[in-house]
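Let's take a walk through a protein model together.

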Amino acid sequence: MEVLIGIIVFALVAVAAVYAHLQEKKRETELEAFAARMGLSFSPRKDSSADERFARFGLFKRGHSRKAWNIRRGKVAMGGYEVEVESGDFRYTVGTGKDQRTYKFSYLVGSNPIGECPETIVRKEGVFDQLKGVLGFDDIDFESDEFSRRYHVSSDEKRFAYDLIDQRMMEYLMATSPPAFELDGHLICVSDGKARWSASEFQQWFDWLGGFLETWPDHVVRSIGDRGD
């Protein structure tokens, strides 16, 4: 009986592995088609340099054995600008031996066509964020109580965050509910560092980034342009 149970378990594991492999290949095909529609290059191969290229973003420096794959690169017209973008999947491992765990997430990184910005992070509020607020840690509050309850915002320059996230921007963020995004220097990164996206979800966040750039307050765009001259 034990031998029979072992055979059944082995067969179920094998079937699950084959199914997972076929799902991955199906997703890879869909992502390649998405890249073709957007006029982007596509490579399913593992790339171990992403953590260095995007080292300014903390989610690319977690754990060890870091690699990106299913990478699409190129220029895309969005928000009235030509934006250099890279999107793909990323994995990293925490721990060693039997205790190690591997995590995967999808990302979209674009060059900021408006100019260089201070590090600014916007993400949905969590229980830990609320606890930190009680203990006095920084979380920028805005006039909209609803927005402040829904989003945790931090920035190297609070004045920049207040200027960027005006009433119109708050409405856009609450209506589109981005997973999380970060501005730092000349780059914008869209990712919560947790979920992998389908091809349609990648399209959703490409569209979101275009809308985000369109929603920047004019005076912020001008001030960054003047600072860069």
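Of the 43 residues in the largest nonpolar core, which ones touch the most other members? They are Phe147, Ile165, Trp208, Phe212 and Trp216. One thing to keep in mind from here on: this is a predicted model.

## The nonpolar cores

Here's a bit of background: in soluble globular proteins, nonpolar side chains tend to be buried together. In this model, the largest nonpolar core has 43 residues, and helix H7 supplies its largest share, with eight residues. Apart from that core lies another one, made of 14 residues, and Phe57, Phe90, Tyr92 and Leu187 are among them.

Let's pick out Trp208, one of the residues that touch the most other members of the largest core. What is Trp208 in contact with, once we leave aside its neighbours within four places in sequence? The list is Tyr172, Leu173, Thr176, Pro178, Phe181 and Val190.

## The sheet and its helix

Strands of a sheet pair through backbone hydrogen bonds, either parallel or antiparallel. So which is it here, parallel or antiparallel? The pairing is antiparallel, and eight strands make up an open sheet. If you trace across it, the order is S1-S2-S3-S4-S8-S7-S5-S6. At the edges you'll find strand S1 (41–43) and strand S6 (151–155), each of which pairs on one side only. From one strand to the next, the twist averages 15 degrees.

Now zoom in on one pairing. Strand S5 (residues 117–124) runs antiparallel to S6, and five bridges join the two. As a landmark, look for Thr120, which stands opposite Ser155 in S6. Then find helix H7 (residues 199–215), which packs on the sheet. H7 touches strands S2 (64–78), S3 (81–94), S4 (101–111), S7 (180–185) and S8 (187–190). The direction of H7 makes about 130 degrees with that of S3.

## Charged pairs

Side chains of opposite charge can pair when their charged atoms come close. How many salt bridges does the count come to in this model? The answer is twelve, and three of them are worth a stop.

Start with Asp47 and Arg73, whose closest N and O atoms are 3.2 Å apart. Is Asp47 buried or exposed? With a relative accessible area of 15%, Asp47 is buried, whereas Arg73 is partly exposed at 36%. Asp47 and Arg73 also belong to a network with Arg53 and Glu86, joined by salt bridges that share partners.

Next come Arg56 and Asp184, with 3.5 Å between the closest N and O atoms of their salt bridge. This pair links distant parts of the chain: Arg56 is in the loop between H2 and S2, Asp184 is in strand S7, and they are 128 residues apart. Arg56 counts as partly exposed, at 41% relative accessibility, but Asp184 counts as buried, at 14%. Finally, Lys61 forms a salt bridge with Glu52, and there the closest N and O atoms are 3.4 Å apart. Lys61 is partly exposed at 34% relative accessibility, while Glu52 is exposed, with a relative accessible area of 55%.

## Two serines and a glycine

Ser65 isn't a glycine, yet it has a positive phi of about 55 degrees. Ser65 lies in strand S2 and is partly exposed, with a relative accessible area of 42%. Ser177 isn't a glycine either, and its phi is also positive, at about 50 degrees. Where does Ser177 lie? Look in the loop between helix H6 (167–176) and S7. Ser177 is partly exposed too, with a relative accessible area of 24%.

For a last stop, go to Gly95, found in the loop between S3 and S4. Gly95 is partly exposed, with a relative accessible area of 29%. Not counting residues up to four places away in sequence, Gly95 touches His64 and Gln100. Gly95 and His64 are 31 residues apart in sequence, and their C-alpha atoms are 8.4 Å apart in space.

Methods. Residues are numbered from 1 along each chain as its sequence is written. This is a predicted model: local features need pLDDT of at least 70, side-chain atom pairs count only at pLDDT 80 or more; totals for chains, interfaces and linings use all residues. Side-chain values use heavy atoms; hydrogens and water are left out. Two strands pair if DSSP finds at least two bridges between them. Helices (H or I, at least four residues) and strands (E, at least two) are DSSP runs, numbered from the N terminus. Axes are lines fitted to C-alpha atoms, for helices over the stretch in contact, and angles run from 0 to 180 degrees between N-to-C directions. Contact means heavy atoms within 4.5 Å. Buried means under 20% relative accessible area, exposed over 50%, partly exposed in between (1.4 Å probe, protein chains only). A salt bridge is a side-chain nitrogen of Lys or Arg within 4 Å of a carboxyl oxygen of Asp or Glu. A nonpolar core is a set of buried Ala, Val, Leu, Ile, Met, Phe, Trp, Tyr and Cys residues joined through side-chain atoms within 4.5 Å.
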